[in-house]
Amino acid sequence: MDFNDTPEEAKFRKEAYDWLKDNAPLKEGPKDSWRASSEEEGLKEVKKWQKKLHEGGWACLHWPKEYGGRESTPIERVIWGQEVSKFKVPGGYLEIGQGMAGPVMMMYATEEQKERYLPPLATGEEIWCQLFSEPAAGSDVAGIKTKAELDGDTWTINGQKVWTSGAHFSDYGILVTRSDPTVAKHKGLTFFFVDMKSPGIEVKPIKQISGGANFNEVYFTDVKIPDSQRLGAIGDGWKVSLTTLMNERLAVGDASGPDFEEAFSLARGQDLNGKLAIENDAVREKLADWYCQQSGLKYAKYRNISALSRGETPGPQSSITKIVSGNKLQEIANFGLDMLDSAGILRSDEEGAEQSMYQYGFYGAAGIRIAGGTDEILKNIISEQVLGMPQDMRADKGLPFNEIPTGNK
Amino acid sequence: MNFEFSADQMQLKDIARKFLEKEESVKRARNVLEGEAPYDEDLWAQIIEMGFTATAIPEEYGGLGLGYLELCVIAEELGRSLAPTPFSSSVYLATEAILHGNDDSAKQAFLPGLATGDKIGAFAHSESNTSPTENNIACTYKDGNLSGTKIAVVDGDIADFYVVSAQNGSSVGLYLVDGSSSGIEVNQQPTLDPSRSHASVSFDNAPCTELKSDWSDVLNLLDRAAVLFSFEQLGGAEACMDMAKEYAMGRYAFGRSIASFQAIKHKLADMFIAVELARSNCYYGAWALSTDAPELPTAAATARVSASQAYHECSKENIQTHGGMGFTWEFDCHLYYRRCRQLAANIGSQAVWKDKLISSLERANQI
C-alpha cells in the first residue's frame with residue numbers, strides 16, 4: 001500500500017508537469033485560482049488557453065486523436081487533473097461541450113458531422129450547451145414536453161428548456177424532445193443537435209437565490225431542425241440521453257467553496273464567547289466530523305485511482321462525493337456565518353473576503369445539492385445500481401405520456 | 001497509485017472470512033452471550049491454529065513476521081463475524097505494548113506465548129466513569145510494584161497478564177503485571193455486550209515490569225490499536241448493512257418488497273456512504289500504522305471516529321430496517337448493536353477521539 005506512481009504513470013506525470021510549467025504560471029497557494037473579471041473576458045481567456053492545450057496535444061485527453069484528443073487512459077486523465085490543479089489556468093465554459101456533447105456526437109453523429117463539429121470543440125473555437133431539463137421535468141427528466149414534429153425531412157420544435165448553463169454564449173446545443181406523446185414516457189423521445197442561432201430560439205437568464213445568473217431559460221418557437229441533425233433513431237432519445245447524464249454526474253463532482261481547512265483556520269483565529277472558537281467543544285466536534293468526511297472522500301478517491309491504475313472499474317465515487325461534499329459545504333458555510341454572531345447576517349460584497357466566501361457557500365450549497373442529480377436521485381442510484389435494490393414503483397409506468405397525471409404543473 | 005491491499009492480503013482476508021463463516025462465529029458469539037463461558041475457547045484455539053495471533057510478531061519471537069496490513073484484514077473479518085475471543089485485547093493492545101516496550105526480557109518471556117496463544121493479555125486503563133487522562137489516573141507504580149484498581153478491563157477475567165497504565169511520579173507509564181503475581185483481585189463485571197467479558201482488576205503492591213514511562217507512550221499504544229479496532233468496526237458496520245439489505249429485499253409490506261421504498265433505499269444509501277467513508281479512512285490508518293508515518297495520530301483518530309460513526313449508523317438502522325423482528329432476542333441484530341457499543345467503549349469515547357483528532361491537527365498543522 002503506497003501512494004506512488006507506476007513508472008509509466010510517473011513518466012506521464014512528468015511530461016504533463018513539464019509542459020504546464022512551460023505554458024502556465026504555478027499557483028502561489030491552494031486558493032490562488034484563476035478568476036475572470038467578466039464573463040466575456042473569461043470566455044476569451046478560456047478559448048485562448050484551450051487553443052494552446054490543443055496545440056500542445058493536451059486537449060480532450062479521452063477523445064480519439066483524429067478529432068483533436070489524446071486517447072489517454074483514465075488514470076492519465078486523473079494525473080493530468082492533479083498536475084493542472086497546481087497551475088493558475090482558465091477553466092469553465094467548455095466542460096459541457098467536451099464532456100457531454102462530444103461523446104454523444106461521437107456515438108451517434110455521421111462521420112461527416114463528426115469531422116465538422118468535433119475538432120472545433122477540442123480547440124475551444126465552438127461552445128456547446130445541453131438542453132434537457134424543463135420547468136416540469138427535473139429529476140424525472142424523461143418527463144419533458146418540448147414538442148418535435150416531423151414534416152418531410154424537417155422537424156419543428158416548440159417548448160421551453162431550463163437550467164441551461166451557457167446557452168447565451170453557446171454555438172450549438174444538444175436537445176432532447178418529445179416526438180410522440182401517445183406512447184410511454186421513455187419511448188417517445190427524440191434527440192437532436194441544434195444551432196443556437198436558429199430563428200425562434202430565445203435565451204433568458206434565470207436569477208438565482210444568490211442574485212447571480214449562471215443559467216438560462218431557453219424558449220423554442222417553431223424552431224426548424226433538419227432531420228440530418230437527429231442523433232439516434234426516432235423514439236430512442238432516452239437511450240441517447242443516458243450517455244450524457246452519466247457524464248454529467250462525473251463532471252459535477254466535488255463542491256467548491258470553504259472546506260475543513262477554512263473552517264479550521266477560522267476557528268483558530270476567531271473569538272467565540274470570550275475565548276478562541278477552537279477551544280469550544282461544540283466547534284471541535286463539528287470540525288472533527290468535517291475532517292473525517294473530507295478525509296474519507298480524499299482516500300476514497302485514492303482507492304478509485306488505484307483501481308483505475310490497475311485497469312479496474314472504479315466504485316460509485318462521484319455520487320458519494322457529490323452528496324457528502326454538498327452537504328458538508330452547506331454546514332461549513334452556515335458555521336462560518338454563525339462564527340460572526342449577529343453580524344453574520346450582514347452582507348459583504350468585497351471580492352475574495354473571508355466573509356463573502358461563506359456567503360457564496362451559503363447560497364451555492366443549496367444549488368449544488370440539486371444540480372446534476374439531487375441528493376435523493378443519487379441515493380436512488382446508489383441503492384439501485386450499487387446495492388441492487390429494486391426501483392421505486394412508478395405511478396406512470398406503462399401509461400401513454402399524454403395520460404400521465406401532472407398536477408396541472 | 002497503489003492505495004489498496006495487495007492480492008496476497010486480500011487472499012488472507014478471504015481465507016479469514018471463509019474460516020469464520022464455516023466456524024459459525026456469529027452463532028458462537030450468541031452462545032457466549034447466553035452462556036457462562038467468558039469466551040469461545042474452541043474458536044480461540046482455531047484462530048491460533050490459523051496463525052492469526054502471530055501475524056505481526058517478528059519471527060525472532062516466534063511470530064510470522066507479517067505486517068500490520070495483514071492484521072488489518074484479519075481484524076475486519078473478526079469484526080464482521082463478531083468473533084467472541086480475546087483477540088483485540090491480546091493482539092492489538094497487550095502484544096503491541098510489549099513489542100514496542102523497552103524491556104527485552106519481557107519480549108523474550110511473553111511474545112512467543114502471545115504468538116502461540118498460550119498467553120492472553122489484557123489492557124487495564126479505565127478507572128472511573130470518565131476518560132483516563134495523565135492527571136486523573138490514580139493507579140501508582142513505585143519501586144517495582146503497582147497499586148490501584150482498574151475497571152471495565154476487557155478480557156480481564158481470562159488474561160494471563162495485564163498491561164496497566166499507572167502514575168510513576170513524573171508521568172503515566174505502561175506496566176506489565178503477571179496474573180499469577182500476589183496482590184491481584186479480579187471480579188467479572190456485567191456489561192451491555194456479554195459476548196465479550198469484562199472485569200475489574202485490583203492491584204495491591206503487585207510486582208511489575210516497566211514497559212514505557214511516559215503518557216505519550218500510552219497515547220501511542222491507543223493510536224496503534226485504534227487503527228485495528230477501526231477495522232473490526234468497519235467489518236461489523238458492513239455486516240449490518242448487508243443484513244439490512246437482505247432482510248429488506250425479502251420482506252414484503254403493502255404488496256411490495258420494502259426494499260423498493262425510498263425510505264428504506266435512502267437509509268441503505270446512507271449506510272453505504274458511511275461505510276465507504278469509514279473504509280477509506282481505515283485504509284489511511286492502515287497505511288500510517290504500517291509505515292510508521294508521522295501522521296499516525298491524525299490517521300488513527302480519523303479512522304476511529306469514522307468507523308465508530310459508521311458502525312453506530314449501520315447497527316441501529318439495521319434494527320430499524322428489520323422492524324419488530326429486529327428488536328427480538330432471536331434475530332442477530334442486537335448482537336451487532338451490542339458489539340458496536342462495546343467496541344466504541346473499548347479504547348475511549350467518540351468525543352475524546354474527536355478532540356484528539358483536532359488536537360493532532362493543531363499540533364501538526366498538517367493540512
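Modeller: In helix H3 of chain A, the residues that count as buried are A:Ile75, A:Glu76, A:Val78, A:Ile79 and A:Trp80. This is a predicted model, and in it the cover over those buried residues of H3(A) includes helix H1 (7-23) and helix H8 (281-309) of chain A. An α-helix has 3.6 residues a turn, so residues three or four places apart point the same way.

The loop that joins helix H2 (39-56) to helix H3 (74-84) of chain A holds A:Cys60, a residue that is not a glycine and yet has a positive phi of about 40 degrees. A:Cys60 counts as buried, because 28 C-beta neighbours lie inside 10 Å, where 20 or more are needed for that class. B:Asp143, however, counts as exposed, because it has 6 C-beta neighbours inside 10 Å.

Once its neighbours within four places in sequence are left aside, A:His168 is in contact with A:Val203 and A:Asn216, while its C-alpha atom is 9.0 Å from that of A:Glu202, a residue 34 places away along the chain.

In chain B, helix H5 (residues 87-99) is largely enclosed by the rest of the structure, because twelve of its 13 residues are buried. The buried residues of H5(B) include B:Phe87, B:Val91, B:Tyr92, B:Leu93 and B:Ile98, and also B:Glu96.

Elsewhere in chain B, the axes of helix H9 (residues 296-322) and helix H11 (residues 350-364) come within 9 Å and cross at roughly 150 degrees, and H9(B) and H11(B) are therefore roughly antiparallel to each other. The crossing of H9(B) and H11(B) is left-handed. On the H9(B) side the meeting residues are B:Pro297, B:Thr298, B:Ala301, B:Thr302, B:Arg304, B:Val305 and B:Ser308, and the residues they meet in H11(B) include B:Trp353, B:Leu357, B:Leu361 and B:Ala364. Sorted by class, this contact of H9(B) with H11(B) has seven nonpolar, five polar and three charged residues.

The contact between the two chains takes 37 residues from chain B and 37 residues from chain A. On the side of chain B that touches chain A, the elements giving two or more residues are strand S10 (256-257), helix H8 (262-291), H9 and H11 of chain B. H8(B) supplies the largest share of that side, with 17 residues. By class, the side of chain B that touches chain A has 20 nonpolar, ten polar and seven charged residues.

Key. Residues numbered from 1 in each chain as written. Chains lettered and ligands numbered in written order. Predicted model: local features only at pLDDT ≥ 70, side-chain atom pairs only at ≥ 80, totals over all residues. Axes fitted to C-alpha atoms, helices over the stretch in contact; angles between N-to-C directions. Helix = DSSP H or I, 4+ residues; strand = E, 2+ residues; numbered from the N terminus. Parallel < 35°, antiparallel > 145°, perpendicular 65-115°, else oblique. Left-handed = near helix turned anticlockwise from the far one by under 90°. Contact = placed C-beta atoms within 7 Å. Nonpolar A, V, L, I, M, F, W, Y, C, P; charged D, E, K, R; others polar.
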